[in-house]
Amino acid sequence: MGETAELVRLSAWVHGRVQGVGFRWWTRSRALELGLTGHATNARDGRVHVVAEGLQDDCARLLELLRSGDTPGRVTLVVESWEPARGDLTGFEER
């Protein structure tokens, strides 16, 4: 299967024990390795909201990593949505 060159925005709500365990730092590291822009933000309800933009294949790989079981803490569910890239993100931030 070839590379998909389409630029997309992934929005992923990560459920589980993902705050206070280095999850956002880990996510930022993986995203930067994949060349993605965006942010990982703690939500008040204990979830982490990951927004990433880049090539579709790279965003899909980040989603696989979020679901891999190899993250800090414990991920119980990842709910994702996709849309065209907006191009308004630079770097990858922990918020």
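A residue counts as buried when its relative accessible area is under 20%, as exposed when that area is over 50%, and as partly exposed in between, using a 1.4 Å probe and protein chains only. By this definition Arg 30 is buried, with a relative accessible area of 17%. The model is predicted, so local features need pLDDT of at least 70 and side-chain atom pairs count only at pLDDT 80 or more, while totals for chains, interfaces and linings use all residues. Residues are numbered from 1 along each chain as its sequence is written, and side-chain values use heavy atoms, with hydrogens and water left out.

**How the two helices pack**
- Helix α1 (residues 23-33) packs with helix α2 (residues 56-66) at an angle of about 150°, and their axes are 10 Å apart.
- Because angles over 145 degrees count as roughly antiparallel, α1 and α2 are described as roughly antiparallel to each other.
- On the α1 side, the contact (heavy atoms within 4.5 Å) is made by Phe 23, Trp 26, Thr 27, Arg 30 and Ala 31, and on the α2 side by Leu 62, Leu 65 and Leu 66.

**Arg 30**
- Arg 30 lies in helix α1, where it touches Leu 62 and Leu 65, not counting residues up to four places away in sequence.

**The buried side of α2**
- The buried residues in α2 are Asp 58, Cys 59, Leu 62, Leu 63, Leu 65 and Leu 66.
- These residues cover an arc of only 160° around the axis, judged by the directions from the helix axis to the C-beta atoms, which puts them on the same side of α2.
- The buried residues of α2 pack against α1 and against β1 (7-17), β3 (48-55) and β4 (74-84).

Definitions and conventions: Axes are lines fitted to C-alpha atoms, for helices over the stretch in contact, and angles run from 0 to 180 degrees between N-to-C directions. Helices (H or I, at least four residues) and strands (E, at least two) are DSSP runs, numbered from the N terminus. Angles under 35 degrees count as roughly parallel, over 145 as roughly antiparallel, 65 to 115 as roughly perpendicular and the rest as oblique.
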